[in-house]
There are 2 protein chains.
Amino acid sequence: MPVKNVFYAQSGGVTSVINASACGVIEAARANNRIGTVYAGLDGILGALNENLIDTSLESDEAIAALKHTPGGAFGTCRYKLKTIEENQKEYERLIEVFSAHNIGYFLYNGGGDSQDTAYKVSQMGKKMNYPLTCIGIPKTVDNDLPHTDCCPGFGSAAKYLATSIREAGMDLDSMSTTSTKVFILEVMGRHAGWMAAATGLAAEKESMPPHIILFPEIALDEKRFLSKVKNCVEKHGSCAIVVSEGLKDKEGNFLADSGLRDAFGHAQLGGVAPVIAQIIKRELGYKFHYAISDYLQRSARHIASQVDVDQAYDLGRMAVEKALSGVNNKMLTIERTNANPYQWEIGTVDLSKVAAVETKVPTEYITEDGFHITGSCRDYLLPLIQGEAYPPFKDGLPNYVNLQNHLVEKKLKKFEIA
Amino acid sequence: MPVKNVFYAQSGGVTSVINASACGVIEAARANNRIGTVYAGLDGILGALNENLIDTSLESDEAIAALKHTPGGAFGTCRYKLKTIEENQKEYERLIEVFSAHNIGYFLYNGGGDSQDTAYKVSQMGKKMNYPLTCIGIPKTVDNDLPHTDCCPGFGSAAKYLATSIREAGMDLDSMSTTSTKVFILEVMGRHAGWMAAATGLAAEKESMPPHIILFPEIALDEKRFLSKVKNCVEKHGSCAIVVSEGLKDKEGNFLADSGLRDAFGHAQLGGVAPVIAQIIKRELGYKFHYAISDYLQRSARHIASQVDVDQAYDLGRMAVEKALSGVNNKMLTIERTNANPYQWEIGTVDLSKVAAVETKVPTEYITEDGFHITGSCRDYLLPLIQGEAYPPFKDGLPNYVNLQNHLVEKKLKKFEIA
């Protein structure tokens, strides 16, 4: 088999461990003489369309190894959806033109649901347009909403960060509650699936421990029952620590975050959901509140990454190369839980066609009957994913992350106009 | 000298290392037979007024040692201001009654500016009302705004957390900026003094590194110059990471966070300042944005505490006991920087009368001429304070913090009605 090069790219929202997958891909490729250079797409699939290929062979072994502890997406990422071949054949012809010009035989795409859809479309292209291309999807998403995998790299670290944060902020709140703040609200990501909200429940080892209430996007807010729960909690424990998912909806299916607030010009205020919940509590119960919105912090907090998560992300990258060389094609790699306790896992595969645009929500049996917390089975599922502390190295008091040089390969083709 | 007991209490907003000071106090007292029991006030000075004294002698050595790595205030805190003796003599008579009933000869009060004012008033009481009481203030505040001390325990850890967070979130932003978010805003605490905002500047080791812009409460927002800076930054670096202090004001001296937004009922929306800045940028420059509000997270993030900060907090607690025994009275302990590089410090003292209600802001020479970043001398001052990683122990993937039993001493007095 002739030696072919690899196109690897990162897509969608990044995580604190997606670069660990990149590290796995590049290290595995460097260790194997049956494979050529790993070209990384600058800004995901756009790097292929624009022929912006980063030559990773120009980076030192040390720099590549440092990717394992560096958050963000080292090669840039994109939110760009390929149309179908029927809708925009030119784009696919361009991809083949670029791959062909640079002797690319492997397409490794690292992303979440939308990105696996891209990987699927590219795999279809290979078949339909008769270009020999091995396509492998490497999963990644803090949302943990990909199907057919035990979990998604990036989620475990975000989960560890958020559960730690609500434990810490809850202790702060508890100290203050006699004369000051009685309610603290932490807003977490997850527009449709409440996995990150659920993960914070791990911090509540006892009913008295924060978070006391979790508001899931899967459960419409019942304001009356919620307020009653908050009141009971403050009366019983002195304070109430709440986690709310950004995607929380009311009974009519509207996002709470679309608060109806208008500025002097009548423009809608696109606020977070935490202040909306805070105002409801203030108005109805009068409690003093504080709230935090962790936003990008939760998906970039590499300083408190889960060792299990880092290991899985790295191994998925490494195995993407090995599977590709062994003939696996048109698959997304998965994590298979082979044993519950102690947690054991191995890497499996699933057809890309079965993954594209399917979203896994938090199932009913993982949410307590009252809708405000996680069940024991949810805890059993989540707990292994946050184990181990994979601290990055520090320099001068701060994490020492790598910035690659990202040299682009010389272009061989004319400029392509993206429609 | 007869053996007397200690009243120790925590006051005001807590930090991730105030319990390290408590640990220092209790461990030093346990090691010295010239001192009796440490009674901790339940919720600060209220614990004295209400005769709610926690008997710390009932806690194991292990539990006390664990305070060193536990955030929040283990005995509860309060926001409660004592009036002057002239205004409310009854309150002071009550304090003496309680201290006398429990053989208390040492008053160790752990807090920020307002709390040192309380310590000062109590020290005045001792003199005026002829009750022998040794009063020592132990500094603490994430705001770093106490005078006559090199820094304030709690600040270094918040600084380390925030500088780490903007570095991480900035890398996330940078990955996304070609097709998505171009501006990220992190809101930090500091209503009057911009020390925490300044600390994030440590992450920008080069001009290209985040944060690109810092908005201090000391500098009124010049919207036009700010927007021009944001635009230049995005055009030069592809994205712009901004840190804004909650206390940012406009040229008329109004808080930006009072955004003028009204809900359907005409109620003011008490939002953060980050969304206000975000909306200004969106309206004028059209950039997609994200923002985070770290709120309590920044002052409770014990999982990434600074070792220097923990050491100082612990030693201040320990030295409070030793100084009290050696006859020091009516003083707040301070950190004195005895050498700049390498950083060396020792513990000094200052009259409580010189500390009460004085606030130290970020000086002009620590802010760059354009008002948007920190100078080299600011960096030299700040850098030693975030050195070393004092990780807490973890259990089951989460920090293992201690919850004390907090048994109250049996009351000897009648109930007191706080006015």
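**Stop 1: two helices in chain B**

Select Glu223(B), Leu227(B), Val230(B) and Lys231(B) in helix 8 of chain B; they meet Ile280(B), Ile281(B), Glu284(B) and Leu285(B) in helix 9 of chain B. This is a predicted model. By class, the contact between these helices has five nonpolar, three charged and no polar residues.

**Stop 2: the nonpolar core**

Stay in chain B and pick Ile185(B). Its contacts, leaving out residues up to four places away in sequence, are Ile242(B), Val244(B), Ala274(B), Ile277(B), Ala278(B), Phe289(B) and Tyr291(B). The largest nonpolar core holds 274 residues. Which of them touch the most other members? Ile185(A), Ile242(A), Ile185(B) and Ile242(B) do. Colour these four in both chains.

**Stop 3: where the chains meet**

Zoom out to see both chains. The contact takes 62 residues from chain A and 62 residues from chain B. On the side of chain B that touches chain A, these elements each supply at least two residues: helix 6 (155-176), strand 9 (258-262), strand 11 (289-293), helix 10 (296-300) and strand 15 (398-399). Which element gives the most? Select helix 6 of chain B, which contributes 13 residues. Colour this side of chain B by class: 29 residues are nonpolar, 20 polar and 13 charged. Of the interface residues of chain B, 100% are also interface residues in chain A, so the copies meet through the same surface.

**Stop 4: the axis**

**Stop 5: Leu202(A)**

Move to chain A and select Leu202(A), in the loop between helix 7 (195-200) and strand 7 (213-215). Is Leu202(A) buried or exposed? It is buried, with 25 other C-beta atoms within 10 Å; the cut-off for buried is 20 or more. Neighbours within four places in sequence aside, Leu202(A) is in contact with Ala163(A), Arg379(A), Leu382(A), Leu383(A), Ile386(A) and Leu398(B). Note Leu398(B) in that list, a residue of chain B. For a distance check, pick Gly112(A), 90 residues from Leu202(A) along the chain: the two C-alpha atoms are separated by 24 Å.

**Stop 6: backbone details**

Go to Asn341(A) and Pro342(A), joined by a cis peptide bond with omega of about 5°. Pro342(A) sits in the loop between strand 12 (331-339) and strand 13 (344-351) of chain A. In chain B, a cis peptide bond joins Asn341(B) and Pro342(B), with omega again about 5°.

Next, select Asn130(A), in the loop between helix 5 (113-128) and strand 5 (134-139) of chain A. Asn130(A) is not a glycine, yet its phi is positive, about 60°. Asn130(A) is exposed, with 8 other C-beta atoms within 10 Å.

Finish at Asp396(B), in the loop between strand 14 (394-395) and strand 15 of chain B. Its phi is also positive, about 55°, although Asp396(B) is not a glycine. Asp396(B) counts as exposed, with 11 C-beta neighbours inside 10 Å.

Conventions. Residues numbered from 1 in each chain as written. Chains lettered and ligands numbered in written order. Predicted model: local features only at pLDDT ≥ 70, side-chain atom pairs only at ≥ 80, totals over all residues. Contact = placed C-beta atoms within 7 Å. Core = buried A, V, L, I, M, F, W, Y, C linked by C-beta atoms within 7 Å. Buried ≥ 20, exposed ≤ 12 C-beta atoms within 10 Å, placed from the backbone. Helix = DSSP H or I, 4+ residues; strand = E, 2+ residues; numbered from the N terminus. Nonpolar A, V, L, I, M, F, W, Y, C, P; charged D, E, K, R; others polar.
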